[in-house]
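Subject: the two-chain model

Hi,

Here is the structure I promised to hand over.

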Amino acid sequence: MPIAADVTRNPFTQIESPAVGVTVEHLSKSFGTFEVLKDVSFAVKPGEIFVLMGPSGSGKSVLLKHIVGLELPTSGKVTVDRRDATEEATREHVRMALVFQAGALFNSMTVYDNLALYPREHRIGTEAEIKEKVMHALQILSLENAAQKFPSDLSGGMKKRVAIARALVMEPQLMLYDEPTSELDPVMGATISEIIATLKDEYHVTSIVVSHDRDLALAIADRVGILMGGKLVFLGTPAELQAPKDPRIADFLNPKIDLKNPRFKQLET
Amino acid sequence: MRQLNRILEGFGSTILLLFRSIGYLPTLPRQFGRFIEQCYLIGYTTLPIVAILSFFIGSVLALQAGYSMENFGAKQFIGSLVGLSMARELGPVMVAILLAGRVGSAITAELASMKVYQEIDALMTMNIPPARMLVMPRLAATVVMMPVLAIIANLVGWFGGAIVSKYTTFISIDPPAYFAALRRFMEFEDVLNGLIKAEVFGFAIVLVCCNIGLNTRGGPREIGASVTRAVVTSLILILVLDYFVTKALM
C-alpha cells in the first residue's frame with residue numbers, strides 16, 4: 001500500500017504516525033583542545049535518507065551521537081522533531097534507534113533476547129506479542145534461523161542485520177546507521193543498502209546513514225552531506241555529488257592510486 | 001592536581017550513580033530474575049572460598065591465642081577471643097576483601113567491556129538506564145547476601161577455632177568449654193556490629209566497581225586497568241571505612 005510522504009508506518013502494527021525531521025544548528029564539539037565539529041548546520045527532512053560521508057576522523061560518528069543524545073554539544077543545537085536532542089524527554093517522545101558500527105549486540109544474550117530486550121524493559125505487550133514482533137523483525141531481515149544463536153556465533157554481516165532487526169523492534173521513527181557496510185564484502189554491503197532503502201520505501205522511516213561507501217550514497221540517498229575536518233563542505237543530491245566542484249571532494253570520492261607520489265609520503269612533509 | 005580532579009570526579013560520579021540506582025529500587029519486583037541471578041553470583045559462588053578462608057582464619061586465631069595465652073594461664077578465654085575477633089572484625093573484613101577480589105573485579109570487567117564495546121551506549125539509545133538494569137539489582141543482591149556471607153564466615157571461623165583448640169596438644173580445650181567462653185563474653189551487639197560493617201563494605205565495593213566499569217573509555221588495556229583500579233580502590237575503601245564504621249559503632 002502506498003504511503004504518504006509525511007508519515008512513518010509502523011512495520012508491526014501498520015499504524016501511521018508523523019515522520020520526524022532532524023535539525024543541526026551551528027553545532028561545534030571539542031574534546032579538550034581538539035575541535036571535532038566546527039559550526040555544522042543542516043536539516044534532514046521527515047522520511048528522507050540522508051547519507052553523511054567524509055574521511056576517517058572527520059567527526060561523522062560524533063555527529064551521530066549528538067543526534068541520538070549520547071554527546072552534549074560544546075555550542076549549537078540539535079533538534080529531533082523540534083525537540084532538543086540532549087533532553088531525555090526527546091528519547092521518550094521520538095522513537096529513535098542507532099545501529100552501531102560494530103553492532104553493539106549484548107554478547108551475553110541470544111539474538112532473540114537481544115531483540116526482545118527493548119519491549120520487555122518498556123513492558124510493551126505480553127511475552128507472546130513480543131515473540132511475534134521479534135520473529136517478524138527477524139523474518140524481515142531473513143534471520144529466523146539465528147534466533148537462538150549468540151552474537152559470537154554470527155558473521156559480520158549477520159551481526160549488522162541483527163543490529164538492524166533489533167533497531168526495528170523499537171518501531172523507530174528515526175533510524176541512524178553508523179558505517180552499516182564497513183567490514184562487509186561488496187554483496188553483503190549491497191544487501192544492507194537494500195535493507196535501508198526498503199525500510200524507507202515501505203515504512204518511510206527517516207534515516208541518517210554515516211558511511212564511507214560511495215556506492216551506497218549514490219544508490220539510496222535522497223541527499224548527501226560531506227564532512228571534512230569537522231566542517232560540512234558539501235550538501236546536495238547524489239546527482240550533484242557526481243560532478244563535485246571542490247577538488248577535495250572529487251579526490252575523496254574517486255581517489256587515484258599514485259605509486260610515484262604516494263599520499264602518505266606527502267603527509268610526512 | 002590532575003589526579004585530585006580525577007578522584008573528585010570519581011567520587012561525584014559514584015554518588016550520582018548511588019542516587020540514580022536507589023531511585024530505580026521500585027523496579028526491583030519486575031527485575032526479580034536479575035536480582036536472583038546476582039544473589040547467586042555474589043552469594044552462592046563466593047560461599048566455598050569464604051568457608052575455606054574463615055575456617056583457617058579461625059584456626060590460626062585459636063593457634064596464636066593458645067600459644068600466647070598459655071604463658072599466663074588464660075587458655076580458657078580462647079573461645080572468647082576467636083569469637084569476638086571473627087564477629088567484630090575479621091569475618092566482615094575478610095568477606096569484603098573476597099567480595100572485592102572475586103565479585104568486584106568481575107563486575108568491573110563485565111561493565112567495562114560493555115562500555116568499551118558500546119553495549120552501554122546501545123542501552124542508552126534504547127532508553128534503558130544502565131543504573132536500573134545493571135547496577136540496582138547488583139546493589140540489592142549485595143545488601144541481601146553480605147550479612148548471610150558474614151554469618152557463615154563467623155560460624156565456620158568459630159568452628160575452625162574449636163577444632164584447633166581441641167586437637168592441638170598445648171591447648172586441648174574441649175568444644176563445650178570453648179563455646180561456653182565464646183558465649184560468656186560475646187553479645188548479640190558484637191555480631192550485629194559485624195553484620196553492619198559487612199553491609200557497608202559490600203555496598204561500597206559493588207557501587208565503586210560498577211562506577212569504575214561504567215566510566216571506562218578506550219580498549220582492552222583500559223578494561224584491565226579499570227579492574228585493577230576497582231580492586232585497589234575497594235581494598236583501600238574497606239580499611240578506611242573499617243576505621244570509621246568501627247568508631248561510629250562504639
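Let me begin with chain B, whose secondary structure comes to nine helices and zero strands. Helices here are DSSP runs (H or I) of at least four residues, strands are DSSP runs (E) of at least two, and both are numbered from the N terminus. Read along the sequence, the pattern of chain B is α-α-α-α-α-α-α-α-α.

Some housekeeping before the rest: this is a predicted model, in which local features need pLDDT of at least 70 and side-chain atom pairs count only at pLDDT 80 or more, while totals for chains, interfaces and linings use all residues. Residues are numbered from 1 along each chain as its sequence is written, and chains are lettered from A and ligands numbered from 1 in the order in which they are written.

**Chain B**

The C-alpha atoms of chain B fill a box of roughly 70 × 45 × 30 Å along the principal axes. Of its 250 residues, 43% are buried. By "buried" I mean that 20 or more other C-beta atoms lie within 10 Å of the residue's own; 12 or fewer makes a residue exposed, anything in between is partly exposed, and the C-beta atoms are placed from the backbone. If you take the contacts in chain B with a separation of 6 or more, residues 24 or more positions apart account for 88% of them. A contact is a pair of residues whose C-beta atoms, placed from the backbone, lie within 7 Å.

On helix H4 of chain B you will find B:Ser80. Is B:Ser80 buried or partly exposed? It is partly exposed, with 19 other C-beta atoms within 10 Å. Leaving out residues up to four places away in sequence, B:Ser80 touches B:Ala181, B:Leu182, B:Arg184, B:Phe185 and B:Met186. B:Phe179 lies 99 residues from B:Ser80 in sequence, yet the two are 8.0 Å apart in space, C-alpha to C-alpha.

**Where the chains meet**

The contact takes 13 residues from chain A and ten from chain B. On the chain B side, five of the residues are nonpolar, three polar and two charged.

**Chain A**

Chain A has ten helices and twelve strands. Its radius of gyration is 19 Å, close to the 18 Å that the globule rule gives for 269 residues, so chain A is as compact as a globular protein of that length. (The radius is taken over C-alpha atoms, and the rule is 2.2 Å times the number of residues to the power 0.38.) The C-alpha trace spans about 60 × 40 × 40 Å along its principal axes, and 41% of the residues in chain A are buried.

Four of the strands form an open antiparallel sheet in the order E4-E3-E6-E7. Strands E4 (34-44) and E7 (83-84) of chain A stand at the edges with a single partner strand each, so one side of each is left without a neighbour in the sheet. Strands count as paired if DSSP finds at least two bridges between them. E3 (residues 22-31) and E6 (residues 75-80) of chain A are joined by five bridges, with A:Val22 standing opposite A:Val80.

Then there is strand E9 of chain A (residues 174-178), where five of five residues are buried. A:Leu174, A:Leu176 and A:Asp178 sit on one side of E9(A), with A:Met175 and A:Tyr177 on the other. A:Tyr177 is the bridge partner of A:Val99, and A:Thr206 that of A:Leu174. Together with helix H6 (residues 186-203), E9(A) and E10(A) make a right-handed β-α-β unit; right-handed means that, with the strands pointing away from the viewer, the path from the first strand over the helix to the second runs clockwise.

Cheers

Technical notes:
Two residues are in contact if their C-beta atoms, placed from the backbone, lie within 7 Å. Ala, Val, Leu, Ile, Met, Phe, Trp, Tyr, Cys and Pro count as nonpolar, Asp, Glu, Lys and Arg as charged, and the others, Gly among them, as polar.
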